[in-house]
Amino acid sequence: MLYLMKKIIIKSYDISKQTTLHGLTPKQYIDLMEYQNFECALSGIKFQYDSEKQKFVDVNKKAPPIDHDHETMLIRGILSEKINWLVDQWEHGSYGKLSKPQELTDYQKNPPAFNIIGKIKYKKR
């Protein structure tokens, strides 16, 4: 059986295979990417559009995760995979008495998503 995939083209980006939008519309996803200058909101690691994969990818050629607050479930921004893991570990207290980086605190208090697309609940697949 042949399945036809619906084309999703937003601002000249074909993101038909960008499957992990977690509650964002394709337009909101691109708007957030643009607002973050196509880079991780914390580390500045660049995201690139991969026309063959039809999605944005990070340095590891993986779709960058959409970060969210695990208590409120509100989407905060798009982070690189390793930075998303770091944020999650800080929120679980994995670093003991080490001081949390100020950049992380600032990001959590004023996430880019709130500024450009508002407060949107993260949805699991």
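Author: One definition is needed before we start: a residue counts as buried when its relative accessible area is under 20%, and as exposed when that value is over 50%. Please also note that this is a predicted model.

Reader: Is His 22 buried or exposed, and why?
Author: His 22 counts as buried because its relative accessibility is 14%, and the cut-off for that class is under 20%.

Reader: Where does His 22 sit in the chain?
Author: His 22 belongs to the loop between strand S2 (13-14) and helix H1 (26-35).

Reader: Which side chain does His 22 contact there?
Author: The side chain of His 22 makes a polar contact of 3.3 Å with the side chain of Tyr 122.

Reader: What is the phi of His 22?
Author: The phi of His 22 is positive, at about 45°, although this residue is not a glycine. Most residues other than glycine have a negative phi. Phe 38, also not a glycine, has a positive phi of about 55°. Phe 38 is located in the loop between H1 and strand S3 (48-50).

Reader: Turning to aromatics, how many aromatic pairs are there?
Author: The count comes to 7 aromatic pairs. In one of them, Tyr 13 and Phe 38 have ring centres 5.9 Å apart and planes at 50°, so the pair is tilted. This pair links distant parts of the chain, with Tyr 13 in strand S2 and Phe 38 in the loop between H1 and S3, 25 residues apart.

Reader: Which residues form one aromatic cluster with Phe 38?
Author: The cluster consists of Tyr 13, Tyr 29, Phe 38, Tyr 49 and Phe 56.

Reader: Last topic: how much space lies in the largest pocket?
Author: The largest pocket holds about 240 Å³ of space.

Reader: And what lines the largest pocket, by class?
Author: Its lining has 3 nonpolar, 4 polar and 5 charged residues. Among the lining residues are Asp 69, His 70, Arg 76, Lys 109 and Phe 114.

Note on methods. Residues numbered from 1 in each chain as written. Predicted model: local features only at pLDDT ≥ 70, side-chain atom pairs only at ≥ 80, totals over all residues. Heavy atoms only, no water. 1 Å grid on protein atoms, 1.4 Å probe; cavity = no way out; pocket = protein on both sides within 12 Å on 5 of 7 lines; lining within 4 Å. Points joined across faces, edges and corners; volume = space filled by probe spheres on them. Nonpolar A, V, L, I, M, F, W, Y, C, P; charged D, E, K, R; others polar. Helix = DSSP H or I, 4+ residues; strand = E, 2+ residues; numbered from the N terminus. Buried < 20%, exposed > 50% of the residue type's maximum accessible area, 1.4 Å probe, protein only. Polar contact = N/O pair within 3.5 Å; in protein donor to acceptor, adjacent residues only side chain to side chain. Phe/Tyr/Trp six-rings, centres within 6.5 Å; stacked < 30°, edge-to-face > 60°.
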